[in-house]
Amino acid sequence: MAALLCIVGAGEAAAQPYPLSMGQLKHEVWTRDDGAPSVPHAMAEAANGLVWIASREGLFRFDGLSFEPMDTGIDRDKYGQPRKLQIGPDGTVWIWYQKGWLGVFRQGRLQFVEAPKYSGEVITFTLTRDGALWVGIAQIGQPFLRYQNGRWDRVSPNPERQMLFYTLESADGAFWISYNKSVLRRAPNRVTFERVEAPMGGGGALAIDPAGSVWVVRPDSGARLTGPGGRWPAPPSRPFRWKSDDPAWIGVAFDKDGNLWTKGRDFGRVAGLVQAERPGQSDPVYEQGGRSLMSSPRPSLLYVDRRGTLWYGGPRSIDHFSTPSIVVEPEMTATARYGDQVLTASSGAVYIGQSDALYRVDPGKPPVRLFAMHDPKAICEDQDGSIWVAALDRIIRIRGDERTEFPAPPSETSFYDCGPDSTGRFWLPASTNGLYWRDGASWRSVPAKDLSATSDPALLVKDPQGQLWSMTDASTLTRLEGRFTETRSLEAVLKTTGGIRAALATSRGIFLSGRDGAALVSTGGSARIAQTQAKPLRYVTGLAQTPQGDTWLFGAGGLSRVRTADLEKAFAEPAFVLPERTFSYEDGLPNGPNAQNYRTMTRGGDGRLWLATIDGIAWIDPAHLPSNPVPPGVAITSLTSEATTIKDPATIRLKAGSSDIAIGFAAINLTQPKRVKVLYRLEGHDRQWVDPGSRRQAFYTNLAPGTYRFQVIAANEDGVWNRAGATMAVTIPPTFLQSIGFKLLVAAALMVLAWALYSLRVRQVAAVLETRFQVRTAERERIARELHDTLLQGFQGLMLRFQAVSNQLPGDDPLRADIDQALDRADGVLAEGRSRVRDLRSQAARADLAEALVDLVGGFNDGVAPPIDLVIEGGAKAVLPLVSEEMLRITQEAIRNAIAHAQASRISVRLTFARRHLTLSIADDGVGLPAAVQDAGEREGHFGLKGMRERAERAGGRLTIATRPKAGTEIEVRAPAGSAYVEAAHGWDWLRNLGVWRGRPQ
């Protein structure tokens, strides 16, 4: 769908628009209700874009949205009001206070320097690039006060007694002074001043034009003194003459277009003063500013900012004048009841019909009133180039300078449109009888039989082939070619588009706009755009395309610009949302179009788009739109914490324990302050950028101690970003309770507490084990006593009786031999019994496990058992008796099993005293455990392996068995030091020595 929306018949020539009158400038006002200070005296712009204002109410700072007081709390009786301002290249703000004090605002602090005594009123205040401040006094004969490098000097450049008017520094660094009778110049890096002869003689006010040339002006004349950039010497201009009613100008400044603006008893401008030097130009004219253009009478401030836009200030307000994107024609406000009619002729001229007259706008020219007429209803162009204007009382044809009037069809209340078809027949849709066509000097209506019951012809539109179509009813397009030749239903389009409000011709077909979107109807079919894809398409009644590749839409959503390629994409892709740039009141649009009008925008031959709004005629020049390539300035203006506010913070260290802060910032764009997009983030806290909308503060609560970095970035109305932005480092030191030292102390205390609890638990476990061991030992001793006193003594008595019987038998009696043999065996059993009883008593005291193992292993080295190796590793430690006993019994059982079942040739026993564990290992090189025994964990009918596991658990350890067929078996018992060693059970001793714990002595 390339070249989708080329408007049929639009001219292609483009021309610069004519200079705007003062009433056509964009006028913004800030009153006291908006916070604006009353009676501003001086204004200055900082590098970041912030505007400083010295006023009767004090010193203020302005970011385009709000006014911030900057010298609250000072002694007004001592210092007076701020009257003059200068801002240095380092950002230092110099302020002259009324009672002879120099204010210095630097790094968020305002300080004062007292000036030498003087007589008169300070009227000039200039900062030169060498860092000197020149303070000029109006009193005749008074020298300048110069402040440089911290000291004051008095300088008298003019030996004559003259009245000081003006001072400035030109672009080349020269310092200029104007008196009532002379002009002086001090060259850069020079000390003395030289006299400059003005073309009209004498002095006056000084001003610098957009090219950097210095001018001297008076209420009746002016001349250029230097070349561009302040170049000197250079041929001056001729004197220019004008007439002003002001007796004296106390302020002058050039805007970006070369107009000289003035401030005196009232305000005004010398329009096009710079352009007046061009050959063939006459002297410029002074334009007096009417009271209706200014919110405050008798302005006290005149200032031109870096963008070349104008600021005035007075008792009631601060006013800002700039070139708007959309220009209103102030003389064309008599709008027709159902909307003004607009048409671009093939010549490129634009015809506009209002309620009282018809206007023509030639390319590059202002509108011209052709003649008066009452409420034109339709304007169109015939095939021969003549212009037809239809009103209720008459129809007028304009051909060159010739104007012919025809009677209008009778009994009609309105006409909707007009135009010729391809056969030359001229058609006129009307509200009562439907559709008329011109037959010679009369009008004929279309027969009723050719119209439907719902017929209401309203719109005429030509397709890309030049064929004329009419909306003959709410859902039918009918082609007119001498008669009705073709109809096309729009039912399918209306299902998604809603009621059709306008039909406009494009190079690809007929563009239809309705309540819920838009559609394009062509010979190849139709395409739609829903309102969800593009809000500007709702009830569009004006459509134009520019050579820049943009499509302009004027409708219920205002005036919008979209890329033509995006519009084509939206027709092809139903999910595509159309990007747009909307122009509103802030751009100068006075109002939207009249909803009853079917054609509200046309593109003239000079490229301007003419808009028929509810409040009159306006135009916009797409080829010369004011653009803003400069990114907005960004500043962090304040930080507030615990009722303390710090101005212009950069690197801040807050009080320990601070957690809540409020950060003020500004994104400065004086041309469109409400369209600035701002993002901020606090690194160390925010994971993503935050969009505050129109808010210019960031609030943070419950911040932890640490170092944070606050950053602000912004984009202007044209999407140009200032990504460097402004940054601020904020450090919140911890309190003692938040410090690392305190946290380490708490961690150490928790570790001590944990160790104490662990040791307490170990002692409890050890005490339980000790109690259990003492109970078992006591029981063993009781059993040993019982065995000794009963069983063994009784057994000994029986043996004595058998011995007595044996002694009575003869020596050669075979029975005696048998009895003696039985007695010998009984002696062995008795000895074994005594040994077991002795063991029951002696094992209770065996805490030296290593020594006990040596004894145990030595008992098996009787020549019958295989060799047994014993290895002791680590420093021997005292082992709890219960653990020692269980370890010995496990060793004994393991060795016996190895001898009885393993067929081992060698057995090794290894005891390891480690810091964290006590480990006992018994290994052999025998046949290993059968798989069934290994899986079951014990031999059927035997309890040795099960008993060893139980003993290991009673010792607080764990038993593991590793075996491989024909590779031997290894049994390992591992017990933690806390439950095995005697010293671990008494782990409280070191705490007791430190005085941490005072338990009962052990």
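**Entry 1**

I began with Phe-665, which is buried, with a relative accessible area of 2%. I kept in mind that this is a predicted model. Next I looked up Tyr-680, and that residue is buried too, at 5% relative accessible area. Both values count as buried because the cut-off is under 20%.

Then I checked how the two rings meet. The centres of Phe-665 and Tyr-680 are 5.5 Å apart and their planes stand at 50°, so I noted the pair as tilted. Phe-665 belongs to strand β60 (residues 661-668) and Tyr-680 to strand β61 (residues 677-683), so I wrote down that the pair links distant parts of the chain, 15 residues apart.

**Entry 2: the wider search**

How many aromatic pairs does a search of the whole structure find? I got 39. One of them joins Trp-96 and Tyr-118: this pair is tilted, with 6.0 Å centre to centre and 50° between the planes. Trp-96 sits in strand β7 (residues 93-97), while Tyr-118 is in the loop between β9 (109-114) and β10 (122-127), so this pair ties together parts 22 residues apart in sequence.

Buried or exposed? I looked up both. Trp-96 counts as buried at 2% relative accessibility, whereas Tyr-118 counts as partly exposed at 22%.

I also found that ring pairs link these two into a cluster with Trp-94, Phe-125, Tyr-147 and Trp-152.

**Entry 3: charges over rings**

Last, I looked for charged ends above rings. Arg-438 has its charged end over the ring of Phe-406, 5.0 Å from the ring's centre. The charged end of Arg-608 sits over the ring of Trp-619, 4.7 Å from its centre.

How values were computed:
Residues numbered from 1 in each chain as written. Predicted model: local features only at pLDDT ≥ 70, side-chain atom pairs only at ≥ 80, totals over all residues. Heavy atoms only, no water. Phe/Tyr/Trp six-rings, centres within 6.5 Å; stacked < 30°, edge-to-face > 60°. Helix = DSSP H or I, 4+ residues; strand = E, 2+ residues; numbered from the N terminus. Buried < 20%, exposed > 50% of the residue type's maximum accessible area, 1.4 Å probe, protein only. Lys NZ or Arg CZ within 6 Å of the ring centre and 35° of its normal.
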